[in-house]
Amino acid sequence: THSSVIQSSFVVYFFAIFLYNFFAVLVTFLLNSVWHAILDNFRPITVWVTDLFIFYVITSSGDFGEPWTKWSWVQVGGMFVLLYGTGVYNAPNPG
């Protein structure tokens, strides 16, 4: 009833989320909330690139991760729009 794998997974997950939030507060404190918003947009980019890396490098059979498809260019464009929009919205001198 008490799985050590689930317990250890929970502890790792807890500390990962804790460190993520700790560094988010640290970035906001040391820089400002604009940098926090910009750096927060790198999370989906990092997840997607990690999925591609897992699919093509880690697993030889392609059981895990995400393959590059014809629609991947749409994702690249969407991520560019996300970063550009955040930069324009949080511009220091709008106008």
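1. In this predicted model, helix α2 (residues 33–40) and helix α3 (residues 42–58) have axes that come within 5 Å of each other and cross at roughly 25 degrees. The arrangement of α2 relative to α3 is therefore roughly parallel, since angles under 35 degrees are placed in that class.

2. The contact between these two helices can be listed by residue. On the α2 side it involves Ile-38, Leu-39 and Asp-40, and on the α3 side Phe-42, Arg-43 and Pro-44. Sorted by class, the contact of α2 with α3 comprises four nonpolar residues and two charged residues, with no polar ones.

3. A salt bridge joins Asp-40 and Arg-43, whose closest N and O atoms are 2.6 Å apart. Both residues also belong to the α2–α3 contact, Asp-40 in α2 and Arg-43 in α3. The search of the whole structure finds one salt bridge.

4. Arg-43 has a relative accessible area of 42% and is partly exposed.

5. Aromatic pairs number eight in the structure. In one of them, the ring centres of Trp-48 and Trp-68 are 5.6 Å apart and the ring planes lie at 35 degrees, so the pair is tilted. In general, a pair of aromatic rings is described by the distance of the centres and the angle of the planes.

6. The two tryptophans fall into separate accessibility classes. Trp-48 is buried, at a relative accessible area of 7%, whereas Trp-68 is partly exposed, at 37% relative accessibility.

7. A further aromatic feature is a cluster made up of Phe-10, Phe-14 and Phe-15.

8. Ser-8 lies in helix α1 (residues 4–30). With a relative accessible area of 41%, Ser-8 is partly exposed. The C-alpha atom of Ser-8 is separated by 41 Å from that of Tyr-89, and the two residues are 81 residues apart along the chain.

Note on methods: Residues numbered from 1 in each chain as written. Predicted model: local features only at pLDDT ≥ 70, side-chain atom pairs only at ≥ 80, totals over all residues. Heavy atoms only, no water. Axes fitted to C-alpha atoms, helices over the stretch in contact; angles between N-to-C directions. Helix = DSSP H or I, 4+ residues; strand = E, 2+ residues; numbered from the N terminus. Parallel < 35°, antiparallel > 145°, perpendicular 65-115°, else oblique. Contact = heavy atoms within 4.5 Å. Nonpolar A, V, L, I, M, F, W, Y, C, P; charged D, E, K, R; others polar. Salt bridge = Lys/Arg side-chain N within 4 Å of Asp/Glu carboxyl O. Buried < 20%, exposed > 50% of the residue type's maximum accessible area, 1.4 Å probe, protein only. Phe/Tyr/Trp six-rings, centres within 6.5 Å; stacked < 30°, edge-to-face > 60°.
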